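Biologist: I am new to this structure and would like a short tour. Could we begin with the strands?

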Amino acid sequence: MAKKRIAVIGAGISGLGAMKCCLDEGLQPTCFERNDDIGGLWKFHKNTSENVPSIYRSVTLNTSKEMMCFSDFPVPDHFPNYMHNARLMDYFRMYVKHFDLLKYINFKTKVCSVRKRPDFSLSGQWDVVVEANGKQETLVFDGVLVCSGHHTDPYFPLHSFPGIEKFEGNYFHSREYKSPEAFVGKRIIVVGIGNSGVDIAVELSRVAKQVFLSTRRGAWILHRVWENGYPMDSSFFTRFNNFLQKLATAALINRHLEKILNSRFNHAHYGLQPQHR
């Protein structure tokens, strides 16, 4: 019996894992990647492109290597606990080589559409239209795995900033930020206290004249390094801690965690104390 053919859209971290799982299950994967390399979001590009994820040069994971890795291919011991994006790409290449995945990937190939075939109720098959070198082709697959990620389109609510059109300085979304060199000696405000906002504010503070970090309601700042110098996630997310959380009340857990976080620095002293627990 012929193997079922599966289309995998995207050769980022999800697409690579999807291909490996297909092979484990006796399926025949064909991956379509619009760029010329694997990695998806984690592949650094000097310039931004429309509908393509984008990271800045210094991005380092906030998930430890033990929690980030594929379960069937651990990260090498000599890699750092929290990998820079270039080191993560090294790991991806090792994974692809080890499981011989490269031969299943079609680079510089865009997926234009995915539609059920006219006889889908009987065959369960899909028509997948792909484009490469300016030519389109329709291929038939028994299944489709969409692994294109969700960090493609920036949320940029300019309507929330009346008068922005009169602002004489530069304004842009964090996806367009690449490195701090262009901001030497400038006064900058970073709007938003998510991971990227904090990361970029800290990096710019080393070269800019002054940096403001704007947050609507404050936040609890969790460090990568937890007690005894171990990674936060691998120390915190354990079976034992999960058992304790089932026994303790939410108020007790919140009080304990807030005490730990405020022992690092008092959030109220820095204007970060949120109203939420």
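Biologist: How many bridges join β1 to strand β7?

Modeller: Four bridges join β1 to β7 (residues 143-146), and the two strands run parallel. Strands here are DSSP runs of E of at least two residues, helices are runs of H or I of at least four, and both are numbered from the N terminus. Two strands pair if DSSP finds at least two bridges between them. This is a predicted model, in which local features need pLDDT of at least 70 and side-chain atom pairs count only at pLDDT 80 or more, while totals for chains, interfaces and linings use all residues. Residues are numbered from 1 along each chain as its sequence is written, and side-chain values use heavy atoms, with hydrogens and water left out.

Biologist: Which residues stand opposite each other there?

Modeller: V8 stands opposite L145 in β7, and the bridge partner of I9 in β7 is V146. I9 also stands opposite F32 in β2.

Biologist: In which sense do β1 and β2 pair?

Modeller: The pairing of β1 with β2 (residues 28-32) is parallel, over five bridges. Between them the chain passes through helix α1 (residues 13-24), and this β-α-β crossover is right-handed; that is, with the strands pointing away from the viewer, the path from the first strand over the helix to the second runs clockwise.

Biologist: What is the strand order of the sheet?

Modeller: The open sheet has four strands in the order β3-β2-β1-β7, with parallel pairing. Its edge strands, β3 (105-106) and β7, each pair on one side only.

Biologist: Why is β1 described as largely enclosed?

Modeller: Four of the five residues of β1 (residues 5-9) are buried, so the rest of the structure largely encloses this strand. Buried means under 20% relative accessible area, exposed over 50%, and partly exposed in between (1.4 Å probe, protein chains only).

Biologist: Changing topic, which side chains meet D37 in a salt bridge?

Modeller: K43 meets D37 at 3.1 Å, N to O, and R93 meets D37 at 2.8 Å, N to O. A salt bridge is a side-chain nitrogen of Lys or Arg within 4 Å of a carboxyl oxygen of Asp or Glu. R93 lies in helix α3 (residues 85-98) and D37 in the loop between β2 and α2 (65-68), so the pair ties together parts that are 56 residues apart in sequence.

Biologist: Is D37 buried or exposed?

Modeller: D37 is buried, at 15% relative accessible area, whereas R93 is partly exposed, at 36%.
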